[in-house]
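Open the model in your viewer and keep the selection tool at hand. Each stop below names what to pick and then says what is there.

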Amino acid sequence: MHLKKALNLIIKLNYLQLTNYLKCTKMELGTLINFGRPSLTYKKIINLKNSN
């Protein structure tokens, strides 16, 4: 699942939204990528409840 937003920074709400999507879809890995800054920033989120 890909959601696209350009923001100045990744906020807690973005983290919580991705965590919720991972739980609902039972996916193990998600990535928050921020294209809204001069330098690309990203954060990988792992859903440990669905990993083996």
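Contact here means heavy atoms within 4.5 Å. With that cut-off, take the contacts between residues at least 6 apart in sequence: 36% of them join residues at least 24 apart. The model is predicted.

**Whole chain**

Start with everything selected. The chain holds 1 helix and 2 strands. Read from the N terminus, the order is α-β-β. Of its 52 residues, 17% count as buried. The accessible area is about 4,600 Å², and carbon and sulfur atoms account for 58% of that.

**Helix α1**

Select residues 12–25, which form helix α1.

Next, colour the buried residues of α1: Asn14, Leu18, Thr19 and Leu22. They lie on the same side of α1, because they cover an arc of only 135° around the axis. An α-helix has 3.6 residues a turn, so residues three or four places apart point the same way. Turn to the other side of α1: Lys12, Leu13 and Cys24 are exposed there. Then show what covers the buried residues; the cover includes β1 and β2.

Zoom in on Asn14, which sits in α1. Is Asn14 buried or exposed? Its relative accessible area is 10%, so Asn14 is buried, the cut-off being under 20%. Draw a distance from a polar atom of the Asn14 side chain to the backbone nitrogen of Ile11: 3.0 Å.

Step past the end of the helix. Lys26 follows α1, and its phi is positive, near 60°.

**The two strands**

Select 29–34 for β1 and 41–46 for β2. How do β1 and β2 pair? They run in the antiparallel sense, over 6 bridges. A hairpin of 6 residues joins β1 to β2. To see a facing pair, pick Ile33; Tyr42 in β2 stands opposite. As you look along the strands, keep one general rule in mind: in a regular strand the side chains alternate between the two faces of the sheet.

Go to Ile46, in strand β2. With a relative accessible area of 57%, Ile46 is exposed, because exposed means over 50%. Leave out residues up to four places away in sequence, and Ile46 touches Glu28 and Leu29.

Move on to Asn47, in the segment after β2. Is Asn47 buried or exposed? Asn47 has 7% relative accessibility and so counts as buried. What does Asn47 contact, once neighbours within four places in sequence are set aside? The list is Leu22, Lys23, Met27 and Glu28. Leu22 is one of the buried residues of α1. Glu28 is touched by Ile46 as well.

Finish with one more distance. The backbone oxygen of Met27 lies 3.3 Å from a polar atom of the Asn47 side chain.

How values were computed
Residues are numbered from 1 along each chain as its sequence is written. This is a predicted model: local features need pLDDT of at least 70, side-chain atom pairs count only at pLDDT 80 or more; totals for chains, interfaces and linings use all residues. Side-chain values use heavy atoms; hydrogens and water are left out. Helices (H or I, at least four residues) and strands (E, at least two) are DSSP runs, numbered from the N terminus. Buried means under 20% relative accessible area, exposed over 50%, partly exposed in between (1.4 Å probe, protein chains only). A polar contact is a pair of N or O atoms within 3.5 Å; within protein, one must be able to donate a hydrogen and the other to accept it, and residues adjacent in sequence count only if both atoms are side-chain atoms. The expected span of a helix is 1.5 Å times one less than its number of residues. The arc is that of the directions from the helix axis to the C-beta atoms. Two strands pair if DSSP finds at least two bridges between them. Accessible areas come from the Shrake-Rupley method with a 1.4 Å probe; for residues, only the protein chains shown count as cover.
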